[in-house]
Amino acid sequence: MTKQLCIVSFICTLIVSTSTVSLAQSDGLRVSVANMSQDISMLVQQVKTLHLEVEALQRENNRLRAQMEALSSSGGVNAQIAGLENTINRLRVEFRQADEIQKTKIINEVSRQIKALGSEMQTALNSVAKVVSSEPRVEVPVHFSNDYPKTGKPYVVRRGDTLSGIARDHGSTVKDIQNANKIVNPARDLQVGETIFIPIP
C-alpha cells in the first residue's frame, strides 16, 4: 500500500505541475485543476485510511496466530485451532478483496481525472491557436531608395532564379535590384517570365 500511495502522490504532483505550465492562460482550467487536486487529495487520504485498516487487520491476524500457538502449546482442542485458521483465512480473503476494490477505484478515478484534464487542455490549446491564427498580419512598409546605378540591362526572370543569384551573375547587388524594381518580397514578387531591370555600375 505504501508503494501505491507513492504512485498516486507522484501522479498528483505530475498533474498539478503540468497543469500549472500548460494552463496559465485559462482561469477556468485553473479552477478545474484546483478541483482535481482536491479530489486526488481525498483519494490519497482514502488510501491512507485503507493502509491503517490493513495494519489493524494485520494486528488482528497476529493476535489470532498467538492464540492459536497458545492453544497448540497448551494442548488445546484441534477444533479450536482449525477454527482460528479458518478465521485467519477468511480475514486474508476479505483483505485482498477490499484491497483490490479500493485500488481499482483509485486507478479509475485518477484515469478519469487525467482524461478530463487532457480534454480541457486540448480545448484551451485549440482556442489559443484559433485566436493567434485569426490575428491580422500587418506588413511593415518598405521604403525604396533611388540611390542605385541607373545603367544596367533588362532581364527575364527564369524558373529557379533568386535575387542573390541574379545579382551575382550580373555584377549587381540585391539591394540595387530591389530598389530599382520595387520588390518587397522576392519569394512573392519575383515572377517567372517577368522582365526586371538589373542596375550595373
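Begin by selecting K182, which is found in the loop between helix 5 and helix 6. This is a predicted model, in which local features need pLDDT of at least 70 and side-chain atom pairs count only at pLDDT 80 or more, while totals for chains, interfaces and linings use all residues. Residues are numbered from 1 along each chain as its sequence is written, and side-chain values use heavy atoms, with hydrogens and water left out.

K182 follows helix 5 and has a positive phi, near 55°, although K182 is not a glycine. Most residues other than glycine have a negative phi. At 45% relative accessibility, K182 counts as partly exposed, where buried means under 20% relative accessible area, exposed over 50% and partly exposed in between, with a 1.4 Å probe and protein chains only.

**The whole chain**

Zoom out to the protein, which has six helices and two strands; helices (H or I, at least four residues) and strands (E, at least two) are DSSP runs, numbered from the N terminus. From the N terminus on, the order of the elements is α-α-α-β-α-α-α-β. Of the 201 residues, 24% count as buried, and the accessible surface comes to about 13,700 Å², of which 57% belongs to carbon and sulfur atoms. These areas come from the Shrake-Rupley method with a 1.4 Å probe, and for residues only the protein chains shown count as cover. Among contacts (heavy atoms within 4.5 Å) with a separation of 6 or more, 71% are between residues 24 or more positions apart.

**Helix 5 and helix 4**

Next select helix 5, residues 174-181, together with helix 4, residues 163-170; the two pack at an angle of about 110°, with their axes 8 Å apart. The axes are lines fitted to C-alpha atoms, for helices over the stretch in contact, and angles run from 0 to 180 degrees between N-to-C directions. Helix 4 and helix 5 are therefore roughly perpendicular to each other, on a scale where angles under 35 degrees count as roughly parallel, over 145 as roughly antiparallel, 65 to 115 as roughly perpendicular and the rest as oblique.

To see where they meet, show L163, S164, I166 and A167 of helix 4 against V174, I177 and Q178 of helix 5. By class, this contact of helix 4 with helix 5 has five nonpolar, two polar and no charged residues; Ala, Val, Leu, Ile, Met, Phe, Trp, Tyr, Cys and Pro count as nonpolar, Asp, Glu, Lys and Arg as charged, and the others, Gly among them, as polar.

Staying on helix 5, colour D176, I177, N179 and A180, which are buried. They cover an arc of only 165° around the axis, which puts them on the same side of helix 5, the arc being that of the directions from the helix axis to the C-beta atoms. The buried residues of helix 5 pack against helix 4 and strand 2 (195-199).

In helix 4, the buried residues are L163, G165, I166, A167 and H170, and they pack against strand 1 (152-156), helix 5, helix 6 (186-189) and strand 2.

Move to G193, in the loop between helix 6 and strand 2. Not counting residues up to four places away in sequence, G193 touches V156 and V157.

Finally, select Q102 in helix 3 (residues 78-134), where Q102 is buried, with a relative accessible area of 16%. Leaving aside its neighbours within four places in sequence, Q102 is in contact with Q46 and L50.
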